[in-house]
Amino acid sequence: MRRLLFLLSLLLPLPLFAASGFDAVTVTTNPEGGETYSLSIQLLLLMTVLSFLPAAVMMMTAFTRIIIVLAILRQAIGLMQAPSGQVMVGLALFLTFFVMTPVIEKMNSDGLQPYFEDRITLQQALQNSSQPLREFMLGQVRQPDLELFGNLAGGEGYNGPEDVPLTVLIPAFVTSELKTAFQIGFLLFIPFLIIDLVVASVLMSMGMMMLSPMIVSLPFKIMLFVLVDGWGLVMSTLASSFYVTP
């Protein structure tokens with residue numbers, strides 16, 4: 001239960017544990033020096049994280065950029081249902097796990113394992129585990145987006161990246177991810193758009209105005225994508241783009 005509680009509470013905002021007026025939080029120290037949490041706080045953590053976890057996976061990891069690029073790629077090729085939405089989401093999830101593996105391993109080594117070995121407290125474990133995720137988001141966020149949400153939050157500037165609160169960092173990170181995803185999608189769209197223009201011009205010159213250019217260009221776009229190993233190029237580009245500071 002202790003291991004499950006830590007894993008589920010990992011993504012919760014840290015101020016929740018420090019709120020002085022939160023009556024449901026009851027922590028007692030047992031004779032062995034460990035901490036025991038009341039059933040009410042355990043149930044509260046479980047219910048809160050279950051509702052917060054999907055949003056955290058989508059908004060605080062590489063998932064947003066990957067799924068948007070894959071959706072734009074499918075639209076550029078002209079295949080509305082292939083691959084299906086379930087396949088794209090599954091592919092995006094597994095590629096997200098691949099990209100986030102170094103972050104997850106550091107979160108485990110810095111926070112999870114020391115807590116299980118009773119070398120640090122739960123509060124310290126949460127802080128140590130959130131630091132790699134914070135560094136990942138800071139490495140991808142654009143400075144103008146960070147300044148934008150900092151100004152909207154009423155901040156007067158921060159001394160360093162460690163002073164940026166999650167309430168400012170997360171929306172700035174999501175905004176930066178959306179911009180990057182659309183930039184990559186635009187570059188993916190160009191070769192397929194050229195094929196559509198060429199096919200449309202040829203059909204127009206032949207007087208075949210009633211024939212849809214999309215029907216003729218679709219096989220050529222699929223052939224081009226397969227010949228250049230499109231899936232491998234897209235996946236490798238997406239995976240490598242997360243470790244290059246924008």
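Trainee: How do H7 and H8 cross, and at roughly what angle?
Mentor: The axes of H7 (residues 143-152) and H8 (residues 166-205) come within 8 Å, crossing at roughly 140°. Axes here are lines fitted to C-alpha atoms, for helices over the stretch in contact, and angles run from 0 to 180 degrees between N-to-C directions. Helices (H or I, at least four residues) and strands (E, at least two) are DSSP runs, numbered from the N terminus.

Trainee: Before I go on, what kind of model is this?
Mentor: It's a predicted model: local features need pLDDT of at least 70, side-chain atom pairs count only at pLDDT 80 or more, and totals for chains, interfaces and linings use all residues. Residues are numbered from 1 along each chain as its sequence is written, and side-chain values use heavy atoms, with hydrogens and water left out.

Trainee: Back to that pair. What do you call the orientation of H7 and H8?
Mentor: H7 and H8 are oblique to each other. The cut-offs: angles under 35 degrees count as roughly parallel, over 145 as roughly antiparallel, 65 to 115 as roughly perpendicular, and the rest as oblique. H7 passes H8 in a right-handed crossing. A crossing is right-handed if the near helix is turned clockwise from the far one by less than a right angle, and left-handed if anticlockwise.

Trainee: Which residues meet there?
Mentor: From H7 you have Asp145, Leu146, Phe149 and Gly150, and they meet Val168, Leu169, Pro171, Ala172, Thr175, Ser176 and Lys179 in H8. Contact means heavy atoms within 4.5 Å. By class, the contact of H7 with H8 has six nonpolar, three polar and two charged residues. Ala, Val, Leu, Ile, Met, Phe, Trp, Tyr, Cys and Pro count as nonpolar, Asp, Glu, Lys and Arg as charged, and the others, Gly among them, as polar.

Trainee: And H4 with H8, how do those axes run?
Mentor: The axes of H4 (residues 63-77) and H8 come within 9 Å and cross at roughly 25°, so H4 and H8 are roughly parallel to each other. H4 also passes H8 in a right-handed crossing. The residues of that contact of H4 with H8 divide into 13 nonpolar, four polar and two charged. On the H4 side they include Ile68, Val69 and Ile72, and on the H8 side Leu188, Phe189 and Phe192.

Trainee: What does glutamate 177 touch?
Mentor: Leaving out residues up to four places away in sequence, glutamate 177 touches Thr61, Thr64, Arg65, Gln140 and Phe242. Arg65 and Gln140 are also touched by serine 241, with that sequence cut-off of four places again applied.

Trainee: Where is serine 241, then?
Mentor: In helix H10 (residues 230-241). Serine 241 counts as buried, at 17% relative accessibility. Its side chain reaches the backbone oxygen of leucine 238 at 2.7 Å. That's a polar contact: a pair of N or O atoms within 3.5 Å; within protein, one must be able to donate a hydrogen and the other to accept it, and residues adjacent in sequence count only if both atoms are side-chain atoms.

Trainee: How does H9 pack on H4?
Mentor: At an angle of about 135°, with the axes 9 Å apart. That makes H4 oblique to H9. Leu73, Ala76 and Ile77 in H4 meet Leu218, Lys221, Ile222 and Phe225 in H9.

Trainee: Last one: how many helices and strands in the chain?
Mentor: Ten helices and two strands. Buried residues make up 35% of the 246 residues in the chain.

Notes. Buried < 20%, exposed > 50% of the residue type's maximum accessible area, 1.4 Å probe, protein only.
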